[in-house]
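Here are my notes on the pockets and cavities of the model under review. Please read them with the sequence and the structure open.

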Amino acid sequence: MFTGIVEELGTLVVREDGADSAVLRIRARRALEGVALGDSIAVNGVCLTVTGVQPDDDGSAVWSTDVMAETLRRSSLRDVAAGDPVNLERAVTPQTRLGGHIVQGHVDGVGTVVSRTPGDDWEVVRVAVPADLARYVVEKGSITVDGVSLTVSALADEPEPWFEVSLIPTTLRETTLGERAPGDTVNLEVDVIAKYVERLLGARR
């Protein structure tokens, strides 16, 4: 489980593609502190398992993870390439401050950046959301975009569903969202509580 508060911008240094899977090797520093083999790290909002760690002389390390076909199919990790920055967050502990919201690292779908509107110290980013996820998005509610916990500031269902988020300077500077351009894809995870409520109410009816 995660909170959607990105701890570090890592760098994908090697990608090894198989027939229906891939191995990613990612350089990081802070996100590896206290991490052991088998622990979970969210990469652009996707929960992945640490399978190996190779320390470097400069104090950083390269960690490895396996990405299965289902994850590649359902997330934008299918498009990442060597040299790309990636958002990293370690799994929460009982002592962690819940600075964002409850995030599972289970991507629900892929959205597309539609536009960016700059403000004085922030930017408003509009994202097209798949129609089957739009019902879980509510104004002032939480949504995870590329692993970043954000508040929905506006939304619409027509002509195509979209939502907007306002990015503060810290988010623009310390996450990949600062560089996402119109046309880029982003991983989306909606609030899991909304999905449970819908399921329970449907069963009750």
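How much space lies in the largest cavity?

1. The largest cavity of this predicted model holds about 60 Å³ of space. Its lining is made up of Val-113, Arg-116, Val-125, Val-127, Val-145, Leu-150, Val-165, Leu-167, Leu-177, Arg-180 and Val-186, and the elements that each give two or more residues to this lining are strand E8 (109–118), strand E9 (123–128) and E12. By class, the lining counts 9 nonpolar and 2 charged residues, with no polar residue.

2. Val-6, Ala-42, Asn-44, Gly-45, Asn-87, Leu-88, Glu-89, Asp-146 and Gly-147 line the second largest cavity, with E7 giving the largest share, 3 residues. This lining divides into 3 nonpolar, 4 polar and 2 charged residues.

3. Turning to the open sites, the largest pocket has a volume of about 490 Å³, and of the 25 residues that line it, Gly-4, Ile-5, Val-6, Glu-7 and Val-148 are the closest to its centre. Two or more lining residues come from each of strand E7 (85–90), strand E11 (148–156), strand E12 (162–167) and helix H2 (169–174), and among these E11 gives the most, with 4 residues.

4. In the lining of the largest pocket, 8 residues are nonpolar, 11 are polar and 6 are charged. Domain 1 (8–90) and domain 2 (109–203) each supply at least three residues to this lining.

5. The second largest pocket has a volume of about 280 Å³, and it is lined by 17 residues, of which Val-80, Asp-84, Arg-180, Asp-184 and Thr-185 are the closest to its centre. The elements that give two or more residues to this lining are E7 and H2, and its residues divide into 5 nonpolar, 6 polar and 6 charged.

6. Is Thr-171 buried or exposed? Its relative accessible area is 13%, and because the cut-off for a buried residue is under 20%, Thr-171 counts as buried. Leaving aside residues up to four places away in sequence, Thr-171 touches Val-148, Leu-177 and Gly-178; of these, Val-148 is among the residues closest to the centre of the largest pocket, and Leu-177 is one of the residues that line the largest cavity.

Note on methods:
Residues numbered from 1 in each chain as written. Predicted model: local features only at pLDDT ≥ 70, side-chain atom pairs only at ≥ 80, totals over all residues. Heavy atoms only, no water. 1 Å grid on protein atoms, 1.4 Å probe; cavity = no way out; pocket = protein on both sides within 12 Å on 5 of 7 lines; lining within 4 Å. Points joined across faces, edges and corners; volume = space filled by probe spheres on them. Nonpolar A, V, L, I, M, F, W, Y, C, P; charged D, E, K, R; others polar. Domains from an automatic or database assignment. Buried < 20%, exposed > 50% of the residue type's maximum accessible area, 1.4 Å probe, protein only. Contact = heavy atoms within 4.5 Å.
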